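I opened this entry to keep track of what I looked up. The notes follow the order in which I checked things.

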Amino acid sequence: MEAIKSIGSIKYKAVTSNDKLLDIFTENANARGKYNKVLEIRLKYSDYNLTFDKINKREYDSKLKFKYLYRAGSPNGTDITPTAKITTPEKTYPKKVVAGIKDGIDYLKNKSEGGENYIFDEIKLLNKIYNLLKDNKEILEEINKKFSETPTKERYYLLTVVIESNDDEIYVGDFQVFKNRIREVPIEKFYYSKTNNKNSKSEDKNCSMCHKKKEVFGLASPFTFYTIDKPGYISGGFDYEKSWRNYPLCRDCAVKLELGKLYLDENLLLSFYGRRFYLIPKLMYNNQLEEILHKYGRIFKKEQDKSGHNMLNSEDKLENKIFRILGNEDNNMTFDLMFIEENNSALNIVLNIEDVYPSTFKKLYSTWKDIESMNFFNEYYYLANFSYLNIIFTSKTHNRYFLDIVDKIIGSEKIEYNFLISFINTKLKEAFIKEEKDEFVKGEDNYFTATLRAYIFIYYLYKIEKFKDKSIEGVENMERESWNIEEFNSKKEVFEDFFNSNQAFFNINSKKAVFMVGYLSKKLINIQAKKEGGRKPFIDQLKGLNLSKKDICRLLPKIQNKFMEYKKEYYNDELSYAAEYLIDSNELNDLSNLDIPFYFSMGMNMAKKFNLIKKEEEEQDEE
């Protein structure tokens, strides 16, 4: 939070307006380039009569920011002013614009200010606007027409009201009442809960950030890391009005936090496979922070322009770009990655990875690039990234696990291999069953790709030393694209070379045995499909990969008998190696059942990487 306040302090100093609160709390509706169009409800005011003129469509003009005077409010309620982003005209017009005008009228009545200013009697004019707009089907139909003229994917509009009077144009921002609401309502939200109709503030108490004695507020943090809706979270017991004790903030610090968050929203709100996070730079010397903020605002805007998409939504290896860019910095700064989720308008911090050095990003990025460049993986370079995490831990079902693993990868903790492999097995089984049924779902991995993706990801975790009780030792660079018998003295040497290159994977003979049984199963299924017109009855023996150690041991003689039945006895060497590994491992005595689906899948899908058949046999055993 200190880092965010530091960003806010820089932005606070940059506000040169005499009306700082109005400047700070008025939002740029098009800050991220999305809401670049405006629909103006044009009204004519003449001789004390107000009439509807037209719906005027125009491009968003940042010079009119304080004329539009936009600031978001509650998603299900009104915004602070009657300028709003359109979701649908049927919702936005009555619930945001018309209701926003009513809020202005009520505000004036409650404040008993009379509504006077130098230009016009605001409360009278607002009543006229409200009475004209309320339940006006003609205006709603005209808004709908303009809105519907735009292609669906481009329907990002701001909706506002403009009054034409004696050659003047009166915007929402010309009303003193809405200026006052912009200044006051955000401050009020620092301490007042409309839901509970209670205040959370106190006089002459220490602020959590500046540590000065001032009036402090209990609802001022822009991020939620505790809840005051549940008594167990309230410091001070069940007394809601004492909840300020949880995280007391003075007005100055609260405003600077708000400014810091606003800067992050507009410049450093990024995405890691659909999970939003703030990238927060922290420097050893804060006098360089302004320069760094300018640099990263420019860099990520440039990346956005290249892709033609908002950084938040681009899926063109955006995550790799972020790691590459951050990895180029010197280690005189660190970064926080604050992952957030929006829940009922509250911004919850779901994970905060603190003090990550650029060298960490460099290692994580360069390891993927190293893997991409290896001969074995080169053809499958598109699998060398963190996307696999998003496949096994989807945001809908296992988001917490996704974030935990990301935390461990970027942070200093280690990953439990058995925890990860159980989810990998689930995906392998799903892909196997689809292949078994000849079902291919667009956008989902087939069995081969699912296996290779799992292998590459585990290989990567070995390389960056992220497994508990497992080291990088035994993970060699995969410089061979395939294994050809011509380069070795025997088939045994071929397989042992592969196992030795992956010694961290194949550290015991039982894993080699499962791999070999998977390899032979694949060879048999290929032969069977050719012999039996595409039928693969042996695949039923694989039980959807729900194989036990006993199942593996029983499969080998069945495979041997089938080879004899099909008169394909040139796999005797491979059968012998599999049997040898089984015997040496005491029939897989030292193997966990968790390992079987992965190593069996490796054997089945790496079969194409081994060219061991002589020319005269090749014609009989085409895959």
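In which helix is the place of K96? I find K96 in helix α4, residues 89-111. Helices here are DSSP runs of H or I with at least four residues, strands are E runs of at least two, and both are numbered from the N terminus.

Before going further I note the ground rules. The model is predicted, so I keep in mind that local features need pLDDT of at least 70 and side-chain atom pairs count only at pLDDT 80 or more, while totals for chains, interfaces and linings use all residues. Residues are numbered from 1 along each chain as its sequence is written, and side-chain values use heavy atoms, with hydrogens and water left out.

**K96**

K96 counts as buried, at 12% relative accessibility. Buried means under 20% relative accessible area, exposed over 50%, and partly exposed in between, with a 1.4 Å probe and protein chains only. The side chain of K96 makes a polar contact of 3.3 Å with the side chain of D79. A polar contact is a pair of N or O atoms within 3.5 Å; within protein, one must be able to donate a hydrogen and the other to accept it, and residues adjacent in sequence count only if both atoms are side-chain atoms. Leaving out residues up to four places away in sequence, I list among the residues that K96 touches S74, P75, G77, T78, D79 and K91. Contact means heavy atoms within 4.5 Å.

**Whole protein**

I counted secondary structure next: 22 helices and 16 strands. The radius of gyration is 32 Å, well over the 25 Å that the globule rule gives for 623 residues, so the protein is more spread out than a compact globule. That radius is taken over C-alpha atoms, and the rule is 2.2 Å times the number of residues to the power 0.38. The C-alpha trace spans about 105 × 55 × 45 Å along its principal axes. Of the 623 residues, 51% count as buried. Among contacts between residues at least 6 apart in sequence, 69% join residues at least 24 apart.

**Four-stranded sheet**

I traced an open sheet in the order β11-β12-β13-β14, with antiparallel pairing. Two strands pair if DSSP finds at least two bridges between them. β11 (269-272) and β14 (346-356) are the edges; each has a single partner strand, so one side of each is left without a neighbour in the sheet. On average, neighbouring strands are turned by 35° against each other, direction ignored. Four bridges join β11 to β12 (residues 275-283). L269 stands opposite Y278 in β12.

Which helices pack here? Helix α8 (residues 251-267) packs on the sheet, touching β11, β12 and β14, and its direction makes about 120° with that of β12. Helix α10 (residues 318-327) lies across β11, β12 and β13 (333-343), at about 120° to β11. Axes are lines fitted to C-alpha atoms, for helices over the stretch in contact, and angles run from 0 to 180 degrees between N-to-C directions.

I also checked S271, which lies in β11. S271 is buried, with a relative accessible area of 1%. Its side chain reaches the backbone nitrogen of G274 at 3.2 Å.

**Hairpin**

Strands β1 (residues 37-46) and β2 (residues 49-59) run antiparallel and are joined by 10 bridges. The bridge partner of K44 in β2 is T51. Two residues separate the strands of this hairpin, and D47 in the turn has a positive phi of about 50°.

**Cores**

A nonpolar core is a set of buried Ala, Val, Leu, Ile, Met, Phe, Trp, Tyr and Cys residues joined through side-chain atoms within 4.5 Å. In the largest one, of 197 residues, I41, L133 and Y455 touch the most other members. Helix α16 (residues 447-463) gives the largest share, 13 residues. A second, separate core of nine residues includes A29, L64, Y70 and Y171.

**Positive phi in loops**

Most residues other than glycine have a negative phi. I noted E465, with phi near 55°. E465 lies in the loop between α16 and β15 (483-484) and is partly exposed at 34%. K567 has a positive phi of about 55°. Its loop runs between α19 (549-565) and α20 (572-584). K567 counts as exposed, at 70% relative accessibility.
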